[in-house]
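Subject: Handover of a structure for your review

Dear colleague,

Please find below the structure that I am passing on to you. A summary of the findings follows it.

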Amino acid sequence: MAPINNPIKFGTDGWRGIIAADFTFDNVRACAQGVAAYLKQVGLAGHGLVVGYDTRFASEDFAAATAEVIAANGIKVYLASQAVPTPVASFGVLDKQAGGAVVITASHNAAEWNGFKFKTARGNSAPPDVTVAIENKIALAQGGGEIPRLPLVAAVDKGLVVYVDFTVPYFEQLKRLVDLAGLRQSALRVVVDPMYGTGAGYFKELLAGGTVELVEINAERNPLFPGIERPEPIAVNLSRLADTVKRQGASVGMATDGDADRIGIIDENGNFLTQLQVFALLCLYLLEVRGERGAIIKTITTSSMINRLGEMFKVPVYETAVGFKYVAPLMMSEGALIGGEESGGYGFRGHVPERDGVLAGLCFLDLMVKTGRTPAELLDYLYSKVGPHYYKRVDVAFLESERAAINDRLSRQSPGVIGGVKVAQIDSCDGFRFTLADNSWLLVRFSGTEPLLRIYAETDDTVRLEQLLAFGREMAGV
């Protein structure tokens with residue numbers, strides 16, 4: 001067997017690569033063959049496989065190539081009839097009782113990237129043991145000769161590929177989870193930015209027929225993502241949304257990322273609510289407004305506000321490494337009320353244990369309607385309960401050749417005091433996190449999907465926040 005120079009490895013959520021350099025049809029077919037072999041090994045091949053895709057360059061073609069390989073293995077494919085959000089494909093797994101899903105998407109990455117995500121039979125991001133098994137199967141496919149392919153037209157004729165509109169069962173699911181009738185009559189003025197991605201049209205259709213005034217921007221398909229660095233719903237990419245909210249006098253602005261599994265919120269004044277603030281507000285919505293109870297699952301990059309809410313409402317809070325592949329298993333085992341991560345991805349009980357930007361956006365709107373508060377007023381209300389919390393993340397690009405040196409510098413750090421405050425705890429669950437005696441924290445970790453060093457901090461003062469971030473960069477030598 002020939003050696004594999006660049007083995008395919010799954011990161012935080014799937015495998016991603018540069019289109020035409022790493023993300024090629026040959027590599028995608030190898031991934032598909034790996035998934036087919038895995039489904040056969042675990043006895044799920046008879047359940048079929050959902051295949052979805054986003055609006056990136058040639059995503060539908062990569063999805064078709066995936067379907068041809070899966071079908072050639074005798075496994076039925078439920079192929080999305082149009083580009084769909086990842087959570088729509090994930091729910092499609094439950095609706096079809098399939099063995100899993102492949103979604104062709106690079107989520108929030110820049111335009112030159114695409115990716116290959118695998119979802120389990122529960123619709124959630126595959127945990128590490130599953131991705132390792134699939135990676136091994138992919139390696140065998142790459143070194144084992146020609147990969148079988150059944151042309152798409154022939155696969156359709158044989159009934160091995162069936163086109164499916166996954167939005168129909170998904171919309172029915174959302175009706176069960178959120179008071180859509182009440183939202184439609186709320187008279188809210190909403191601006192939505194799907195960031196040229198798969199979320200386009202979803203809020204418009206779900207909230208149509210009532211008194212809601214909804215405006216969409218960046219709703220056309222454009223794989224170049226013009227005007228933004230990447231389709232990630234964070235402040236730096238949402239200036240047009242913020243300007244539109246202010247110009248329209250809107251109640252709120254909402255943005256979904258490239259595959260709509262994340263949400264970003266702009267308040268009525270054009271200010272960005274951080275993902276940690278939104279997560280805490282969604283927890284407050286479920287605990288106080290809806291009166292529900294259950295565990296909360298958070299990654300290490302999310303807010304200590306969640307811990308405070310857990311204490312107040314007497315619900316357990318569990319912490320994981322970064323990635324929904326770690327959050328989802330705990331959500332399922334604990335019957336958790338909500339799971340969330342710093343990227344703006346939140347999952348809800350009664351749904352797929354997976355991030356869903358559309359559902360999260362609807363829940364945020366329902367919070368506004370049920371409380372009669374604007375986003376800025378909701379943040380003030382949250383702070384009246386848990387105290388002020390300020391958060392920021394800085395991303396620093398690095399050369400891959402520098403990774404080992406950066407990691408070595410960080411691993412040798414053991415400060416007793418940061419910014420005049422005693423370090424209460426140091427852990428390396430995922431990166432290097434320093435929790436201070438006043439519950440402030442600093443975390444430095446490598447991105448799981450791209451060559452970036454991420455530096456995070458949260459504290460009760462904006463000046464101290466910048467000091468913590470600067471200390472993190474100094475430790476890493478970047």
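This is a predicted model: local features need pLDDT of at least 70, side-chain atom pairs count only at pLDDT 80 or more; totals for chains, interfaces and linings use all residues.

Nonpolar packing. The largest nonpolar core has 110 residues, and the members that touch the most others are F116, F118, L362, F364 and L382. Helix α10 (residues 275-289) supplies the largest share of this core, with 10 residues. There is also a second, separate core of 22 residues, with L410, L442, L468 and M475 among its members. As background, nonpolar side chains in soluble globular proteins tend to be buried together.

Helix α6. This helix spans residues 167-177, and its buried residues are T167, P169, Y170, F171, Q173, L174 and L177. The elements that cover them include α3 (86-96), α7 (180-184), α8 (202-206) and α13 (357-371).

- E213 and R189 pair through their side chains, at 3.4 Å from N to O. Because E213 belongs to strand β8 (residues 213-216) and R189 to strand β7 (residues 189-193), the pair ties together parts that are 24 residues apart in sequence. E213 is partly exposed at 45% relative accessibility, and R189 is partly exposed at 32%.
- E319 and K298 form a salt bridge with an N to O distance of 2.8 Å. The pair links distant parts of the chain, with E319 in strand β13 (residues 317-320) and K298 in strand β12 (residues 296-299), 21 residues apart. E319 is partly exposed, at 37% relative accessibility, whereas K298 is buried, with a relative accessible area of 2%.
- K370 and D366 form a salt bridge in which the closest N and O atoms are 2.6 Å apart. Both residues lie in helix α13, separated by 4 residues, or about one turn of the helix. K370 is partly exposed, with a relative accessible area of 42%, while D366 is buried, with a relative accessible area of 4%.

Beyond these pairs, salt bridges with shared partners join D13, K117, K119, D259, D261, E341, E354 and R355 into one network.

Cysteines. How many disulfides does the structure hold? The count is 0. C363 counts as buried, at 2% relative accessibility.

Yours sincerely

Terms used: Residues are numbered from 1 along each chain as its sequence is written. Side-chain values use heavy atoms; hydrogens and water are left out. A disulfide is a pair of cysteine sulfur atoms within 2.5 Å. Buried means under 20% relative accessible area, exposed over 50%, partly exposed in between (1.4 Å probe, protein chains only). Helices (H or I, at least four residues) and strands (E, at least two) are DSSP runs, numbered from the N terminus. Contact means heavy atoms within 4.5 Å. A nonpolar core is a set of buried Ala, Val, Leu, Ile, Met, Phe, Trp, Tyr and Cys residues joined through side-chain atoms within 4.5 Å. A salt bridge is a side-chain nitrogen of Lys or Arg within 4 Å of a carboxyl oxygen of Asp or Glu.
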